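Visitor: I have a structure to look at and some questions about it. Could you guide me through them?

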Amino acid sequence: MDKLIDPFARPISYLRVSVTDRCDFRCVYCMSENMSFLPKKELLTLEELDRMCSSFVRLGVEKLRITGGEPLVRRDIMTFFQRMTRHLDSGALRELTLTTNGSQLERFAQPLYDAGVRRVNISADTLDEEKFAKITRWGRLPQVLRGIDAAQKAGMRVKLNAVALKGFNEDELFPITEWCAERGIDLTWIEVMPMGDIGNEDRLGQYWKLDDLRARLAEQYTLTDLPESTGGPARYVRLEETGQKIGFITPLTHNFCESCNRVRLTCTGELFMCLGQEDNADLRSALRNHPDSDAPLEQAIRNAIARKPEGHDFDYSRQTVDGRVSRHMSHTGG
Ligand code: SAM
Ligand code: SF4
């Protein structure tokens, strides 16, 4: 079967899937306090998610990242992970992984490992309990730390994702780096992106340029650029003193689109070909209208990939949030 190649000759081998728009946290840069969530019938069922992902795997997707909202608050989500194990066993899928806030990991780390998950991205922007409660509104740090421990104990490699927020976690740059080094945890900093209406938070005020963060890191450590690229917006350096790998996700300041290998599926079955563009394809109808055949779905996927744009339009440089997209990160999946 022909693999998925977009109009700019980029092979599409990475699918990110949001399995729910719901979450047990309300991070200030991600959600407003009173979010309204989608009615259940809009969501793909676990069986439909299986059909979707399996079709993508047949078309050459080798890496599947499950996200949300908070993926681990979706009822019965372990059943879905366990079903995906067959694609790892067959060798078609190289990696099954997830991005989580960590709140449910204490109980799910071992079953996830048993389903074949070997790496997990856990989001935490601060290691201070009070600040953590403030930024996540509903989250509690000790619960997340227990989740991180459980993931490591189960044998998973952990990466901490921290959103760089001006005036919020600037002072934790070195404490967080050291904390991760002590535990053998990789660390990636993410620039805040202009996504969705989040109430009256001031996004420009939150924006901490990663060039600045990197320069500050270089005052204390020797940074060596690493050539590896995952086809996404992350760039990596090694801190020579600790051997640690630090990532920078800078969708706003650097163009990474030329090597983009990914697409994103929402929990309602829309496929977004680019995180920074509104264009999307409705895959749910192709799936629901043809319960007995995946051929129409595969055709719909091919048609969508043929529309993948060359790049995105985010731009903070004129001091307005240009190129802003109206949907929330929790909808498309971060
Ligand atoms: N709930 C899970 C979590 O927090 O890891 C998965 C979904 S969350 C939307 C995925 C990632 O997106 C998190 O690391 C989060 O910090 C990040 N994120 C959310 N809103 C963002 C924004 N406006 N700009 C940059 N990153 C954002
Ligand atoms: Fe939930 Fe993740 Fe968004 Fe925070 S960033 S509100 S944990 S979906």
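What follows is a short exchange about a predicted model.

Visitor: Where does Glu33 sit in the chain?
Guide: Look along the secondary structure. Strand β1 covers 14–18, and helix α1 covers 46–58. Glu33 is in the loop between β1 and α1.

Visitor: Is Glu33 buried, partly exposed or exposed?
Guide: The relative accessible area of Glu33 is 42%. Buried means under 20%, and exposed means over 50%. The value for Glu33 lies in between, so Glu33 is partly exposed.

Visitor: Which residue makes a polar contact with the side chain of Glu33?
Guide: Leave out residues up to four places away in sequence, and Glu33 touches Arg26, Arg137 and Trp138. Arg137 is 104 residues away in sequence, yet its C-alpha is 8.0 Å from that of Glu33. The polar contact is between side chains, at 3.4 Å, and the partner is Trp138.

Visitor: Why do the buried residues of α6 line one face of the helix?
Guide: Helix α6 spans residues 173–183, and its buried residues are Leu173, Ile176, Thr177, Trp179 and Cys180. Look down the helix axis. These buried residues line one face because they fall within an arc of 165°.

Visitor: What covers the buried residues of α6?
Guide: Both helices and strands take part. The helices include α5 (141–154) and α8 (210–220). The strands include β5 (157–164), β6 (186–191), β8 (234–239) and β9 (245–249).

Visitor: Which residue just after α6 takes a positive phi?
Guide: Go to the end of the helix. The phi there is about 65°. The residue is Gly184.

Visitor: How many residues surround ligand 1?
Guide: The closest are Tyr29, Gly69, Glu70, Ser123 and Met193. By type, the shell divides into seven nonpolar, nine polar and three charged residues. The number surrounding ligand 1 is 19.

Visitor: Which elements give two or more residues to the shell around ligand 1?
Guide: Search the strands. One of the elements covers 95–100. The elements are β3, β5 and β6.

Methods:
Residues numbered from 1 in each chain as written. Chains lettered and ligands numbered in written order. Predicted model: local features only at pLDDT ≥ 70, side-chain atom pairs only at ≥ 80, totals over all residues. Heavy atoms only, no water. Helix = DSSP H or I, 4+ residues; strand = E, 2+ residues; numbered from the N terminus. Buried < 20%, exposed > 50% of the residue type's maximum accessible area, 1.4 Å probe, protein only. Contact = heavy atoms within 4.5 Å. Polar contact = N/O pair within 3.5 Å; in protein donor to acceptor, adjacent residues only side chain to side chain. Arc of directions from axis to C-beta. Near = heavy atom within 4 Å. Nonpolar A, V, L, I, M, F, W, Y, C, P; charged D, E, K, R; others polar.
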